[in-house]
Amino acid sequence: MIDINAVRTDPAIAKVVQAQFRRAVGMISGRWKLEILWLLNQGTHRFGELKRALPGITQHMLTAQLRALEKDGLIKRTIYAEVPPRVEYEITPAARRLRPIFVEIVKWAEDREMAPAQEPAQD
């Protein structure tokens with residue numbers, strides 16, 4: 001657990017926590033990774049299902065994003081020895097820990113939708 005007061009007062013701790021934060025954000029950042037994780041949070045999907053659910057993503061980009069998520073241990077790829085081969089993707093327990101964050105992002109978006117537009121602050 002992060003002691004936020006220690007982060008605020010101890011530059012060494014702040015530096016370590018910032019590095020951890022940067023590493024974590026790097027695993028989920030990118031144009032498609034969060035959307036892929038959101039879809040897989042709903043259940044197991046095949047490649048084609050993911051491609052159809054993400055309008056605008058290319059096959060190459062989807063493959064690259066899935067490989068990166070698998071490398072980081074956030075998704076599991078299962079290949080079934082069938083003809084033609086069937087491949088399914090699902091989130092790992094590590095990625096399931098992101099569910100509360102997904103819920104908060106959706107709540108945040110709903111709140112922003114309901115809030116009246118605010119004028120930018122004047123400097």
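**Pockets and their linings**

Analyst: Sixteen is the count to start from: 16 residues line the largest pocket, and Ala24, Val25, Ile28, Leu98 and Ile101 lie nearest its centre. The elements giving two or more residues to that lining are helix 2 (11-28) and helix 7 (99-114).

User: What counts as a pocket, and what is the source?

Analyst: On a 1 Å grid over the protein atoms alone, a pocket is an open set of points where a 1.4 Å probe fits, with protein on both sides within 12 Å along at least five of seven lines; lining residues have an atom within 4 Å of a point. This is a predicted model: local features need pLDDT of at least 70, side-chain atom pairs count only at pLDDT 80 or more, and totals for chains, interfaces and linings use all residues. Residues are numbered from 1 along each chain as its sequence is written, and side-chain values use heavy atoms, without hydrogens and water.

User: Which helix gives the most to the lining of the largest pocket?

Analyst: Helix 2, with 7 residues. Helices here are DSSP runs of H or I, at least four residues; strands are E, at least two; both are numbered from the N terminus.

User: How much space lies in the largest pocket?

Analyst: About 550 Å³. That volume is the space filled by probe spheres set on the points, joined across faces, edges and corners.

User: And the second largest pocket?

Analyst: Its volume is about 240 Å³. Among its 14 lining residues, Phe47, Thr63, Arg77, Val87 and Tyr89 are closest to the centre. Helix 5 (59-71) is one of the elements giving two or more residues, and its 5 residues are the largest share.
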